[in-house]
Amino acid sequence: MPRLVTLAAAQLGPIQKAEGREVAVGRMVRLMEFAHRRGAEVVVFPELALTTFFPRWYHEDLAAADHWYETAMPSPATAPLFEAARKYGIAFHLGYAEKTPEGRRFNTAILVHPSGEIVLKYRKVHLPGHAEYDPRRRVQHLEKRYFEVGDLGFPVVRAPVGAQEANVGLMICNDRRWPEAWRVMGLQQVEIVMRGYNTPSLNMENRGFEAHHLRVFHSHLSVQAGAYQNACFAVATAKAGTEDGHELFGHSVIVNPQGEIMAQATSWDDELIVADCDLDMCALGRSTIFDFACHRRPEAYRRITEQTGSVAPPVWRPGGVRAAEQEALFARVIRTAGVRLG
């Protein structure tokens with residue numbers, strides 16, 4: 001029998017800076033009720049779903065931004081979400097700003113079981129933007145100021161999702177653009193990747209024009225490629241609309257292991273999209289094109305983990321021995337790794 005799971009992406013329209021958490025939570029509870037009516041078994045909410053995207057604003061003193069963070073989960077403000085999960089028997093994914101008891105700050109996401117237990121926590125690894133005020137930018141993007149790089153890696157857990165058990169992983173926003181994040185979870189046989197995002201319709205670095213339509217295209221391209229190349233479903237849920245005068249592009253999607261979009265949001269407001277997903281679809285890619293055990297060659301990928309910034313390649317000149325040098329170097333790598341060729 002197929003391993004069917006009904007997944008829902010609960011896109012949120014804008015949350016204005018002046019609005020309290022109770023406004024956002026009330027809207028999210030309403031979306032959970034809609035999800036229950038439509039048979040969803042898990043609901044994925046966006047990144048930083050409880051507040052406006054506060055890294056737009058610069059505070060010299062980090063303590064001035066403390067009111068944007070959650071110090072406990074659940075909290076009195078978020079308790080209605082946990083109550084709705086128990087009432088409707090629905091799991092949910094929530095993105096929020098976390099401040100730990102030690103005072104560390106992270107951009108965090110959790111997966112919550114219908115019982116209210118936290119199944120999985122992830123802290124964003126690929127932080128975009130900058131740490132100091134940048135006068136060149138039309139809008140600041142200060143994630144590197146307000147958050148530390150996540151310290152939990154990219155964990156995957158096998159957990160109940162509705163009537164099925166599924167291998168679930170989490171990522172947040174910019175992580176989708178980094179294939180390494182998908183592959184680390186793919187190597188753990190991930191079947192469902194849940195991800196929230198708050199992505200502006202315009203590139204705010206002001207270093208050249210990026211066409212409006214390409215912002216959405218690049219987002220979808222990253223998710224579709226990640227799902228296809230790691231044989232998994234992906235739920236990518238946005239904040240959308242004009243938030244404090246700044247446009248977020250929305251376009252939440254649910255994608256299957258063939259890289260196809262199964263459902264897509266069409267508004268810039270609160271919107272629920274739902275898809276029935278057969279987790280057995282993950283088996284085809286995992287056992288053929290992306291049979292990692294048969295086809296991966298990690299001995300040839302060392303540069304990926306040993307290097308961060310890009311470097312220029314050597315220059316070829318007539319009469320050079322570059323090809324021979326490259327072949328000899330690769331052979332040494334192979335021998336060091338204990339791999340036999342042929």
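## The second largest cavity

The second largest cavity has a volume of about 30 Å³. A cavity is a set of points on a 1 Å grid over the protein atoms alone where a 1.4 Å probe fits but cannot get out, and lining residues have an atom within 4 Å of a point. The volume is the space filled by probe spheres set on the points. Leu48, Leu50, Thr51, Phe54, Trp68, Glu70, Tyr96 and Ala97 line this second cavity. By class, six are nonpolar, one is polar and one is charged.

This is a predicted model: local features need pLDDT of at least 70, side-chain atom pairs count only at pLDDT 80 or more, and totals for chains, interfaces and linings use all residues. Residues are numbered from 1 along each chain as its sequence is written, and side-chain values use heavy atoms, without hydrogens and water.

## The largest cavity

The largest cavity holds about 60 Å³ of space. Its lining includes Val42, Ala91, His113 and Met194. Strand 4 (105–112) and strand 6 (156–161) each give two or more residues to it. Strands are DSSP runs of E, at least two residues long, and helices are runs of H or I, at least four. Strand 6 gives the most, with three residues. The lining has nine nonpolar residues, one polar and no charged.

Six strands form an open sheet with mixed pairing, in the order 5-4-3-2-1-14. Two strands pair if DSSP finds at least two bridges between them. Strand 5 (118–123) and strand 14 (271–278) are the edges.

Strand 2 (residues 42–44) runs parallel to strand 3 (residues 91–99), joined by three bridges. Val43 has Phe92 as its bridge partner in strand 3.

Terms used:
On a 1 Å grid over the protein atoms alone, a cavity is a set of points where a 1.4 Å probe fits but cannot get out, and a pocket is an open set with protein on both sides within 12 Å along at least five of seven lines; lining residues have an atom within 4 Å of a point. Ala, Val, Leu, Ile, Met, Phe, Trp, Tyr, Cys and Pro count as nonpolar, Asp, Glu, Lys and Arg as charged, and the others, Gly among them, as polar.
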